[in-house]
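Please open the model in a viewer and keep the selection panel at hand.

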Amino acid sequence: KQKSNGFCIFNFAAAAALHAMSSSSLHHHHPNLKVSILDWDVHYGQGVADIIVDFPNARYVSIHQNPAYPYMGKRRKVHGR
C-alpha cells in the first residue's frame, strides 16, 4: 500500500467498480449491487486487491502465473467478510 510495483499505477478497474457501487442512480435501483473484477494476466494485482478488500460487495479474481513478480498472490487467497 505504501509502494508501487510499477504495473498498476492507476487502478481503473477498482475505481470503476467502486464508482458503480456508489453511483446514486445505480444504487437507487439496485441497492444490493455487487461487482466482480477479473484480472487475467501474468502478475497478481495487489493494488486492486488492496483497494477493494474492505468492500464486501466487490469480488476480485486474479488468474496469474505463480511464482511471478511481485511474488504475491497465493494459490488461493480469500479476502472479505
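The stops below begin with the overall fold and end with single residues.

This is a predicted model, in which local features need pLDDT of at least 70 and side-chain atom pairs count only at pLDDT 80 or more, while totals for chains, interfaces and linings use all residues. Residues are numbered from 1 along each chain as its sequence is written, and side-chain values use heavy atoms, with hydrogens and water left out.

**Whole chain.** Helices (H or I, at least four residues) and strands (E, at least two) are DSSP runs, numbered from the N terminus. Of the 81 residues, 26% are buried, that is, under 20% relative accessible area with a 1.4 Å probe and protein chains only; exposed means over 50%, and partly exposed lies in between. Among contacts (heavy atoms within 4.5 Å) with a separation of 6 or more, 48% join residues 24 or more positions apart.

**Confidence.** Colour by pLDDT, the predictor's confidence in each residue, from 0 to 100. The protein averages 77, and 73% of the residues score at least 70. Helix α2 (residues 24-29) has the lowest mean, 73, and strand β1 (residues 35-40) the highest, 90. Where pLDDT is low, the predicted coordinates should not be read in detail.

**Nonpolar patch.** Select Leu-38, Trp-40, Val-61 and Ile-63, which form a nonpolar surface patch with about 450 Å² of accessible area together. Such areas come from the Shrake-Rupley method with a 1.4 Å probe, and for residues only the protein chains shown count as cover. Strands β1 and β2 (58-63) each supply at least two residues of the patch. Ile-63, in strand β2, is partly exposed, with a relative accessible area of 42%.

**Ser-62.** Move to Ser-62, also placed in strand β2. Is Ser-62 buried or exposed? Ser-62 counts as buried because its relative accessible area is 19%. Leaving aside residues up to four places away in sequence, Ser-62 touches Asp-39, His-43, Tyr-44 and Gly-45.

**Phe-55.** Finally, select Phe-55 in the loop between α3 (46-52) and β2. Its relative accessibility is 36%, so Phe-55 counts as partly exposed. Which residues does Phe-55 touch, not counting those up to four places away in sequence? They are Leu-18 and Met-21.

Terms used:
Patches are made of residues with over 30% relative accessible area and no salt bridge: like charges are joined within 9 Å, nonpolar side chains (Val, Leu, Ile, Met, Phe, Trp, Tyr) within 5 Å. A salt bridge is a side-chain nitrogen of Lys or Arg within 4 Å of a carboxyl oxygen of Asp or Glu.
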